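Colleague: Could you walk me through this model while I have it open? I would like to begin with the ligand and then jump around a bit.

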Amino acid sequence: MPPKKPEIAAETIDLQACEARLQTVQAEIAQAALAAGRAATEVTLLAVSKTKSAALIQAFLDLGVRHFGENRVQEAAQKWPELRAGNQIELHLIGPLQSNKVKQAVDVFDVIQTLDREKLARALAQHKEAEGFPKLYIQVNSGAEPQKSGVLVEDLPAFLDFCADLGLEIAGLMSIPPLDEPAGPHFELLAALAARHKLANVSMGMSGDFATAIGFGATHVRVGTALFGAREAV
Ligand SMILES: *Cc1c(COP(=O)(O)O)cnc(C)c1O
């Protein structure tokens with residue numbers, strides 16, 4: 001008898017569950033916007049699809065989601081060229097970017113939210129004439145956490161000047177507040193910084209706190225678990 005071929009278990013995707021989760025998140029966004037006196041259309045839902053399979057992402061594409069976030073350049077470069085074909089996708093990089101991956105990131109992403117240091121700004125500036133050069137947000141380390149990426153609040157004005165001198169246009173700010181503190185004050189601070197520097201986009205709020213972030217003026221909420229379900233530990 002020929003040896004039995006190992007079977008690759010086809011991933012079963014519960015479309016109804018995906019749709020229900022999407023509707024729940026969209027309803028919560030609309031509710032939070034209404035409560036804040038904002039239009040729901042001012043808030044973009046970024047579906048954070050890191051670690052998730054192309055098949056599961058496709059289910060959300062089929063449901064009409066067009067804005068996605070990934071946190072690894074390599075993973076996104078593998079998954080997205082095929083997924084985005086024929087669709088008007090906006091793909092955001094929300095994880096750390098190494099300067100040796102800048103070329104690839106510029107090719108793959110429409111928005112890079114994690115510009116956080118001079119070396120990276122210089123590397124990005126080398127590609128600024130490239131067709132489809134991404135929009136850039138600066139990541140702010142509002143909690144001044146040593147282990148976290150991001151520009152310190154007090155360093156932001158100088159870093160904005162540094163980027164301007166390189167000819168880099170900055171379109172927004174992004175932050176990940178400390179886990180062990182109430183997020184509200186951090187959201188409020190990020191929105192105030194964006195307003196002060198006339199930056200239109202404010203990326204803040206995740207599955208656990210996106211409604212709070214919308215209350216403080218988030219224009220982009222980054223939602224993974226609440227849409228796709230829990231991620232495996234990595
Ligand atoms: C993973 C991730 C998210 C999404 O987190 P959830 O809690 O799953 O919604 C948002 N922002 C960043 C930067 C992330 O890495």
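**The ligand and its surroundings**

Modeller: A nitrogen atom of the ligand is 2.8 Å from an N or O atom in the side chain of R222, which is a polar contact in the sense of a pair of N or O atoms within 3.5 Å (within protein, one must be able to donate a hydrogen and the other to accept it, and residues adjacent in sequence count only if both atoms are side-chain atoms). Please keep in mind that this is a predicted model, where local features need pLDDT of at least 70 and side-chain atom pairs count only at pLDDT 80 or more, while totals for chains, interfaces and linings use all residues. Residues are numbered from 1 along each chain as its sequence is written, and side-chain values use heavy atoms, with hydrogens and water left out.

Colleague: And what lies 2.8 Å from an oxygen atom of the ligand?

Modeller: That is a backbone N or O atom of G224. A polar side-chain atom of T225 also lies 2.5 Å from an oxygen atom of the ligand. The ligand has 390 Å² of accessible area on its own, and the protein covers 89% of that; the area comes from the Shrake-Rupley method with a 1.4 Å probe, and for residues only the protein chains shown count as cover.

Colleague: Which residues are around the ligand?

Modeller: The residues around the ligand are V48, K50, I94, M174, I176, M206, S207, R222, V223, G224, T225 and R231, where a residue is near if one of its heavy atoms lies within 4 Å.

Colleague: How many of the shell are nonpolar, polar and charged?

Modeller: The shell divides into 6 nonpolar, 3 polar and 3 charged residues. Here Ala, Val, Leu, Ile, Met, Phe, Trp, Tyr, Cys and Pro count as nonpolar, Asp, Glu, Lys and Arg as charged, and the others, Gly among them, as polar.

Colleague: Where does the ligand sit?

Modeller: The ligand sits in the largest pocket, and sitting there means that more than half of its atoms lie within 2 Å of the grid points of the pocket. A pocket, on a 1 Å grid over the protein atoms alone, is an open set of points with protein on both sides within 12 Å along at least five of seven lines, whereas a cavity is a set of points where a 1.4 Å probe fits but cannot get out; lining residues have an atom within 4 Å of a point.

Colleague: Changing topic, is N141 buried or exposed?

Modeller: N141 is buried, because its relative accessibility is 5%; buried means under 20% relative accessible area, exposed over 50%, and partly exposed in between (1.4 Å probe, protein chains only). N141 lies in the loop between β5 and α6 (156-165), with helices (H or I, at least four residues) and strands (E, at least two) taken as DSSP runs numbered from the N terminus. A polar atom of the N141 side chain lies 2.8 Å from the backbone oxygen of E145.

Colleague: What is the phi of A144?

Modeller: Phi of A144 is near 50°, a positive value in a residue other than glycine. Most residues other than glycine have a negative phi. A144 is found in the loop between β5 and α6, and A144 counts as partly exposed because its relative accessibility is 49%.

Colleague: And what about the phi of K198?

Modeller: K198 is not a glycine either, yet has a positive phi of about 55°. K198 is found in the loop between α7 (184-196) and β7 (201-203), and K198 counts as exposed because its relative accessible area is 76%.

Colleague: One last thing, where is F133?

Modeller: F133 is in the loop between α5 (118-125) and β5 (135-139), and F133 counts as partly exposed because its relative accessibility is 21%. F133 and D107 are 26 residues apart along the chain, and their C-alpha atoms are separated by 7.7 Å.
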